[in-house]
Amino acid sequence: MDSSSSASPHPDVVSQFTGSLLVERFRGTDFVPPSSNTVVSSKDVTLLPQSNISARLFLPQHTPRNRKLPLLLYFHGGGFLVSSPFNSLHHNYVSTLVANANIVAVSIDYSLAPEHPIPAAYEDSWAALHWVASHRKSPGPEPWLNEHADFRRVFLAGDSVGANIVHNLAMAAGNPDNELDLEILGAALVHPFFWGSHPTGSEAMDPERKASVDRLWPYVCPSTPDQDDPRLNPVAEESPSLAWLGCGRVLVCVAEKDILKERGWLYYNALSQSGWLGVVEIRETQEEDHCFHLEDLGSNRAQDLIQGLADFFNRDMPPLL
């Protein structure tokens, strides 16, 4: 979610409102090839050729032979408009996360608006989740998942709109009618893009940034532009109960200066009180703004955030045999 050009980690979104919205992609379109170094290997795969859904896979180089690793499905941010697993921001971030957490990661390349408006991003992500699930009971098409992924320890994570996608996938996974042949252990929502028709907390104190956020959802989802759409506002009166969230634990991360912070706290409190049987926790990074960690992975606060995610993925790991 790109709430201001000065603070945004995705300055490739340039918005101009003169009766219509103009989006130009300048940055975030760079391509970093997959690589194999002393720490993490990566490669690109096509998940569903008929839908043109692809992903970048990440694997720690020194993977123990006598144990399998937690499996992470990662969904990038960028306002549903920009970025991909293959650009420098998200390639470097996911690679760093994999190295620190010692996990296998599948970073999903979902379709972007405006060419592919919502619900395309959700549909692609759900299809990718099913593709991963196809490896659980028998060998699937991807050897790295067959050989190294622990399907008892599957996590979803994303930043900004990617965190929004994570929530919606977890809700869909909790619906027994969807028949997902995969259990999701946990979900990490980093600076999640949630919003609503009525300001909450300090949102109204920054009218310029609020106006920018207000314009995003109707642009990427013109078919249902309501700011209280359950996919955007999971705590709206008409939204499904969060008690159906289909995972066992949730980590919500927010940043002090992020205009979306209030929504993250609102989500955390609502989930805590929903009757959901899992465990939810929240951590707030002081003195930082939306998705600050993507631009400066080496900073102390970014390292603290990454370590917190690594701890979340590895909690209660079985002992090395």
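Student: Is cysteine 253 buried or exposed?
Tutor: This is a predicted model, so every value here is computed from it. Cysteine 253 has 1% relative accessibility. The cut-off for buried is under 20%. Cysteine 253 therefore counts as buried.

Student: And cysteine 247, buried or exposed?
Tutor: Apply the cut-off again: under 20% is buried. Cysteine 247 has 9% relative accessibility. That value puts cysteine 247 in the class called buried.

Student: How many disulfides does the count give?
Tutor: A disulfide is a covalent bond between the sulfur atoms of two cysteines. To be counted, a pair of cysteine sulfur atoms must lie within 2.5 Å. By this rule, the number of disulfides is zero.

Student: How many helices and strands does the protein chain have?
Tutor: Take the helices, then the strands. The protein chain has seven helices. Its strands number 10.

Student: What percentage of the residues of the protein chain count as buried?
Tutor: The protein chain has 321 residues. A residue counts as buried under 20% relative accessible area. The share of residues that pass is 55%.

Student: What share of the contacts with a separation of 6 or more joins residues 24 or more positions apart?
Tutor: A contact needs heavy atoms within 4.5 Å. Take the contacts in the protein chain with a separation of 6 or more. Residues 24 or more positions apart account for 74%.

Student: In which strand does valine 250 lie, and is it buried or exposed?
Tutor: Valine 250 lies in strand 9, residues 249-255. Its relative accessible area is 0%. Because that is under 20%, valine 250 is buried.

Student: Which residues is valine 250 in contact with, leaving aside its neighbours within four places in sequence?
Tutor: Contact means heavy atoms within 4.5 Å. Among the partners of valine 250 are Ala187, Leu189, Leu245 and Leu271. The list also includes Trp276, Val279, Val280, Glu281 and Phe312.

Student: How far apart are the C-alpha atoms of valine 250 and phenylalanine 155?
Tutor: Along the chain, these two are 95 residues apart.

Student: Where is glutamate 203, and is it buried or exposed?
Tutor: Glutamate 203 sits in the loop between strand 8 (186-190) and helix 5 (207-220). Its relative accessibility is 1%. Because buried means under 20%, glutamate 203 counts as buried.

Student: Which residues is glutamate 203 in contact with, leaving aside its neighbours within four places in sequence?
Tutor: The cut-off for heavy atoms is within 4.5 Å. Trp195, His198 and Lys210 are among the partners of glutamate 203. The list also includes Ile259, Glu262 and Arg263.

Student: Is glutamate 183 buried or exposed?
Tutor: Glutamate 183 lies in the loop between helix 4 and strand 8. Its relative accessible area is 67%. The cut-off for exposed is over 50%. Glutamate 183 is therefore exposed.

Student: Which residues is glutamate 183 in contact with, leaving aside its neighbours within four places in sequence?
Tutor: Heavy atoms must come within 4.5 Å. For glutamate 183, the partners are Phe151 and Val154.

Student: What is phi of glutamate 179 near?
Tutor: Glutamate 179 is found in the loop between helix 4 (161-173) and strand 8. Its relative accessibility is 67%, so glutamate 179 counts as exposed. Phi is positive here, in a residue other than glycine. For glutamate 179, phi is near 55 degrees.

Student: Is the peptide bond from alanine 113 to proline 114 cis or trans?
Tutor: Proline 114 lies in the loop between strand 6 (104-109) and helix 2 (120-133). Omega for the bond from alanine 113 is near 0 degrees. The peptide bond is cis.

Student: What is omega near for the peptide bond from isoleucine 118 to proline 119?
Tutor: Proline 119 lies in the loop between strand 6 and helix 2. The peptide bond from isoleucine 118 to proline 119 is cis. Its omega is near 25 degrees.

Student: How do the residues that line the largest cavity divide by class?
Tutor: The largest cavity holds about 30 Å³ of space. Its lining includes Phe194, Trp195, Asn233 and Arg263. The lining divides into six nonpolar, one polar and one charged.

Conventions. Residues numbered from 1 in each chain as written. Predicted model: local features only at pLDDT ≥ 70, side-chain atom pairs only at ≥ 80, totals over all residues. Heavy atoms only, no water. 1 Å grid on protein atoms, 1.4 Å probe; cavity = no way out; pocket = protein on both sides within 12 Å on 5 of 7 lines; lining within 4 Å. Points joined across faces, edges and corners; volume = space filled by probe spheres on them. Nonpolar A, V, L, I, M, F, W, Y, C, P; charged D, E, K, R; others polar. Helix = DSSP H or I, 4+ residues; strand = E, 2+ residues; numbered from the N terminus. Buried < 20%, exposed > 50% of the residue type's maximum accessible area, 1.4 Å probe, protein only.
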